[in-house]
Amino acid sequence: MVHIMNHHNFEARSIPLFVPGQIIFTLLTLLFLGGCTSSPELKDIGPIAFPNPPDAPRFYYERTVYGTGAVKSSSKSDLLRKLLTGSSEREGYAFAKPFDVAVHRGRVFVSDTVQRVVYGLDFVTGNSLIIGDNGDEGDLFKPLGLATDDQGTLFVCDIQLKKVMVYDRDGNWLYSIDLDDNMSRPSGIDISGDGRRLYVVDIGGVESTQHGIAIYDTLTRTHIRNIGIRGTATGEFNLPRDVSLGRDGYLYITDSGNFRIQVLDQEGNPLHTWGSPGRHLGQFTRPKGIASDNEGNLYVVDAAFGNFQLFSSQGELLLHIGTRSEIAGPAKYMLPAGIDVDEDGRIYVLDQFFRKMDVFRPASLKERERTSDIDTTRLPSKTR
């Protein structure tokens, strides 16, 4: 298989090199498909449940996404085309180094620090977007953290620009918020449901005391205040990585260098912490991305464990999914990073090493079913 990369458009395509034997094999395969579905593309290996049996399943592995080609349909004719042409889901724009993910009603946004764009994958319409590569003032340079408000407005933290770039749901640039005077190394972000209040994590550095959270008003595009300095006490941070605004209205921050989760109110007042350093479940070694669901549970990625752990809002361990592995596969991770949970309870987790996004659905949800396909009025609003 010869892989050709268009350097300007970052578009990867697979072009098969057929020999006569391959052609004969392909034709025989097509004839055989008329009577059964034994092709590996069509074979049903059964759902992968978490936790493992005999425990009752809470989530099922649903799919792995490698790029924008994943939003295309997977009908029987598509599978036949794949056999003939050698094409795959990695067609289109492939992830190079995905960092963070944010989801809004079936549309999944993924930041890529190598491609310097944000990909938008719409699993409802089957369309995809490339955001931040139009040759205008809305261009991105090193996008990291992502967040969306209730309307689907997209907020992108660019660590090189030291700005949060703001786009509508279709990727049209709206405005930017300058972070330069108040932050050292901005990374993770979250936004209130009404899009008014923006929270930006400053991961800081070895020689910096700027480790904490900055709050901005998006209507006036002004800085309100900074929260925290470098340290180990409650309300202090050491290399914080990400923030999630929970359904209870509290801020949950992965305080990576202190191996814990810090909980603050929206004004920045510290409430409590949970977590400790260690190699056992419920502990942390390299916590990174964090997300919350509609029930108030927290999902925390740990790059050293190669998994993400599910906690209650009080820090009680409920479940873990994933194992560290040098071989790619469902729930296999080498360098997991960003994570998000959509309105249906689906989990989207990125791995930078394997350049992929794994998707897990709740056991209560049918495969490929979406609440937004049934009744959008039932979708809850994000905490304001």
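Predicted model: local features only at pLDDT ≥ 70, side-chain atom pairs only at ≥ 80, totals over all residues.
Let's start with strand β7, which covers residues 117–122. Six of its six residues are buried, so the strand is largely enclosed by the rest of the structure. Its side chains point two ways: Val-117, Tyr-119 and Leu-121 go one way, while Val-118, Gly-120 and Asp-122 go the other. Whichever way they point, all of these residues are buried.

β7 has a partner in strand β6, made up of residues 107–112. The two pair in the antiparallel sense, and six bridges join them. Within this pairing, Asp-122 of β7 has Arg-107 standing opposite. The strands β6 and β7 form a hairpin with four residues between them, and here Arg-116 takes a positive phi near 60 degrees.

Another partner of β7 is strand β8, residues 128–131. This pairing is antiparallel too, with four bridges. One spot to look at is Val-118, whose bridge partner in β8 is Ile-131. β7 and β8 also make a hairpin, this one with five residues between the strands. In its turn sits Gly-126, with a positive phi of about 80 degrees.

Now for the rings. A pair of aromatic rings is described by how far apart the centres are and by the angle between the planes. Searching the whole structure turns up nine aromatic pairs. One of them is Trp-274 with Phe-311: the ring centres are 4.8 Å apart and the planes sit at 45 degrees, so this pair is tilted. Trp-274 belongs to strand β20 (residues 270–274) and Phe-311 to strand β23 (residues 307–311), so the contact ties together parts that are 37 residues apart in sequence. Both Trp-274 and Phe-311 are buried.

Phe-311 also pairs with Phe-284. Here the centres lie 5.6 Å apart and the planes are at 50 degrees, so this pair counts as tilted as well. Phe-284 is found in the loop between β20 and β21 (287–292), whereas Phe-311 is in strand β23, so the pair ties together parts that are 27 residues apart in sequence. What about burial? The cut-off for buried is under 20% relative accessible area. Phe-284 has 1% relative accessibility and therefore counts as buried. Phe-311 has 0%, so it counts as buried too.

Elsewhere, ring pairs link four residues into a cluster: Phe-50, Tyr-61, Phe-308 and Phe-360.

Key
Residues numbered from 1 in each chain as written. Heavy atoms only, no water. Buried < 20%, exposed > 50% of the residue type's maximum accessible area, 1.4 Å probe, protein only. Pairing = 2+ DSSP bridges. Phe/Tyr/Trp six-rings, centres within 6.5 Å; stacked < 30°, edge-to-face > 60°.
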